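Welcome, and thanks for taking a look at this protein.

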Amino acid sequence: MADVLNHLSNNLPRRKFDAVIIGAGGSGMRCSLQLAEAGYNVAVLSKVFPTRSHTVAAQGGIGASLGNMSEDNWYWHMFDTVKGSDYLGDQDAIEFMCREAPKVVYELEHFGMPFDRNADGTIYQRPFGGHTANFGEKPVQRACAAADRTGHALLHTLYQRNVRARTQFFVEWMALDIIRDADGDCVGVVALEMETGDVMILEAKVTVFATGGAGRIFAASTNAFINTGDGLGMAARAGIPLEDMEFWQFHPTGVAGAGVLITEGVRGEGGILLNKNGERFMERYAPTLKDLAPRDFVSRSMDQEIKEGRGAGPNGDYVLLKLDHLGAETIMKRLPSIREIAIKFANVDPIKDPIPVVPTIHYQMGGIPTNYHGQVVVPKNGASTVVGGLYAIGECACVSVHGANRLGTNSLLDLVVFGRAAGNHIVSSKLKDGNQKPLPTNSGDTTLARLARLDGSSSGENVQDVANDIRREMQSHCGVFRTSELLTDGVKKILAIESRVGNVHIKDKSRVFNTARVEALELDNLIEVAKATIVSAEARKESRGAHAHRDFPERDDVNWMKHTLWYSEGNRLDYKSVTTQPLTVETFKPKARTF
């Protein structure tokens, strides 16, 4: 069998590029634009057409301290981000991101992104959760918006600029595994053309992961079906740890029963949350910021209202998001997509009636460990070692600017800042001028063995049955509130499912679009992310940010002010220190989060 695989892998078709970027969302296309305009031969792989990447679903805005509505500055933005992260974010990376924010937003404006405007022509900014002036004194308007379709505007703007720069897109291609040489450097990727089933090796001087999040490990998620953690799965199988995977953000306002996102921008424009008694309950939990407290805080408050019997609806299992008081004109101008979503998925017109909402899995704070240049960095012999030729950006990466809880609008900012930063670092490293390292002789063998297992299966379980069991167990055991009993049981359940992943059966082996084959390959990634999440969560004995542990309700800075590192091999954990030293300013020291 090994001889056959060697023969096959050595004969796999190959193409060479200066850079291969896996993922065509906001971060991938911002990086590819930087490289293509610098003369790099760039290939961008995407499972879907670029403008259908999940960035298109981002609604509310991109955070930047432009100060167009009232006084603001990057230092206040940095404070809000550090505090929002529950002090687990790395402060050097956070300072870098907040300093760069105005620059990248103005750059997008010059690219032609259609931001909403004020009467004087400046970019309109709306309030958002956790955004404050003067270090938490009062709310500030910092979210630069294009109505409630900001991600859509961003993605189309970047795609058009990439077309202009002659970036090469491989549409409906799926990356399967990275190739590392004897030095541990990344020298390319094995990829599948989804329509034909053809496998190819793409050699590259630099490979960039921009594969987005993995929210489809949960049953109720605002994430697209393509968000299966492909970059995380590839990294884990290649021996790279995953960082802080216990931290998953529940967005407070997903449409009850549907999981479709209702942007925080609704509350930024003045929408309020009510319980069944018509009470604006956030005034009790966060007297200063009220409905615009950070997402983990609002989600837990909503969950508490429901659990204490003040939920609305026939089963008392949701709360209400009221915006009819804003008036039809404001809703139609600032929130047109939200009205459309509410009518289609909740059967209510928000101009007249409140929207039923519940906390829904939305965003992963953890991911592949990187520095703020986008380089993948792993611990080795007590020091941090850069993985040569490999970068990770966007939601699949953990810089970490989000720590234990992401501040609203920092997701789009993360994409653009670090996509641009990775592109700049690659260009400054002059990788284009260097020689391509040779491929190992066994390149592609592991991937071909995975494909042979799938195609050779004559019996076994259905792929979607196993995937749905992962989602159900993760939803049940790793939700808004966690306990030691739930997490311990969840680890056992997920490890039991892992043994079933290797025994799935593809019933439809036709080569038409390879849907069943692609879903089976995605399952290999889903199980890696699920293991990383539940094992990391079970080990963290505190409550911090999105990790709310009923048995350990307090944050424990003495024992747990550290990043988790999960390794697939041996299903083991390690830890590394949080970077508390910013680049130029004083450290923000941990203190209790009140709003």
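Helices (H or I, at least four residues) and strands (E, at least two) are DSSP runs, numbered from the N terminus. This is a predicted model, in which local features need pLDDT of at least 70 and side-chain atom pairs count only at pLDDT 80 or more, while totals for chains, interfaces and linings use all residues. Residues are numbered from 1 along each chain as its sequence is written, and side-chain values use heavy atoms, with hydrogens and water left out.

- Arginine 420 sits in helix α12, which covers residues 410–428.
- Its relative accessible area is 15%, so arginine 420 is buried (buried means under 20% relative accessible area, exposed over 50%, and partly exposed in between, with a 1.4 Å probe and protein chains only).
- The side chains of arginine 420 and glutamate 107 are joined by a polar contact of 3.1 Å. Such a contact is a pair of N or O atoms within 3.5 Å; within protein, one must be able to donate a hydrogen and the other to accept it, and residues adjacent in sequence count only if both atoms are side-chain atoms.
- Setting aside residues up to four places away in sequence, arginine 420 touches Arg30, Gln34, Glu100, Lys103, Val104 and Glu107 (contact means heavy atoms within 4.5 Å).

**Two pairs of packed helices**

- Two packed helices are described by the angle between their axes and the distance between the axes. Axes are lines fitted to C-alpha atoms, for helices over the stretch in contact, and angles run from 0 to 180 degrees between N-to-C directions.
- Helix α6 (residues 230–237) packs against helix α16 (residues 515–539) at an angle of about 75 degrees, with the axes 8 Å apart. That angle makes α6 roughly perpendicular to α16 (under 35 degrees counts as roughly parallel, over 145 as roughly antiparallel, 65 to 115 as roughly perpendicular and the rest as oblique).
- The contact of α6 with α16 involves four nonpolar, two polar and five charged residues. Here Ala, Val, Leu, Ile, Met, Phe, Trp, Tyr, Cys and Pro count as nonpolar, Asp, Glu, Lys and Arg as charged, and the others, Gly among them, as polar.
- Helix α14 (residues 463–477) and helix α15 (residues 484–501) pack at about 170 degrees, with their axes 9 Å apart. This makes α14 roughly antiparallel to α15.
- On the α14 side the contact includes Asp465, Val466 and Ile470, and on the α15 side it includes Leu486, Lys493 and Val501. By class, the contact of α14 with α15 has eight nonpolar, three polar and six charged residues.

**Nonpolar cores**

- The largest nonpolar core has 81 residues, of which Phe209 and Ile368 touch the most other members. A nonpolar core is a set of buried Ala, Val, Leu, Ile, Met, Phe, Trp, Tyr and Cys residues joined through side-chain atoms within 4.5 Å.
- Helix α16 supplies the largest share of this core, 13 residues.
- Beyond its neighbours within four places in sequence, isoleucine 368 is in contact with several residues, including Phe209, Leu232, Ile240 and Val376.
- Another core, of 65 residues, lies apart from the largest one and has Ala19, Leu154, Val399 and Met561 among its members.

**Loops with something to show**

- Serine 543 lies in the loop between α16 and β22 (548–549), and it is buried, with a relative accessible area of 13%.
- The side chain of serine 543 reaches the backbone oxygen of phenylalanine 552 at 2.8 Å.
- Asparagine 277, in the loop between β12 (272–274) and α8 (282–285), counts as exposed at 54% relative accessibility.
- The C-alpha atoms of asparagine 277 and arginine 310 are separated by 7.2 Å, although the two residues are 33 residues apart along the chain.

**Backbone features**

- Most residues other than glycine have a negative phi, and most peptide bonds are trans.
- A cis peptide bond joins valine 399 and serine 400, with omega about 5 degrees. Serine 400 is in the loop between β18 (397–398) and α12.
- Aspartate 86 has a positive phi, near 55 degrees; this residue is in the loop between α3 (74–84) and α4 (91–111) and is buried, at 5% relative accessible area.
- Asparagine 134 has a positive phi near 55 degrees; it is found in the loop between β4 (125–133) and β5 (138–144) and is partly exposed, at 34% relative accessible area.
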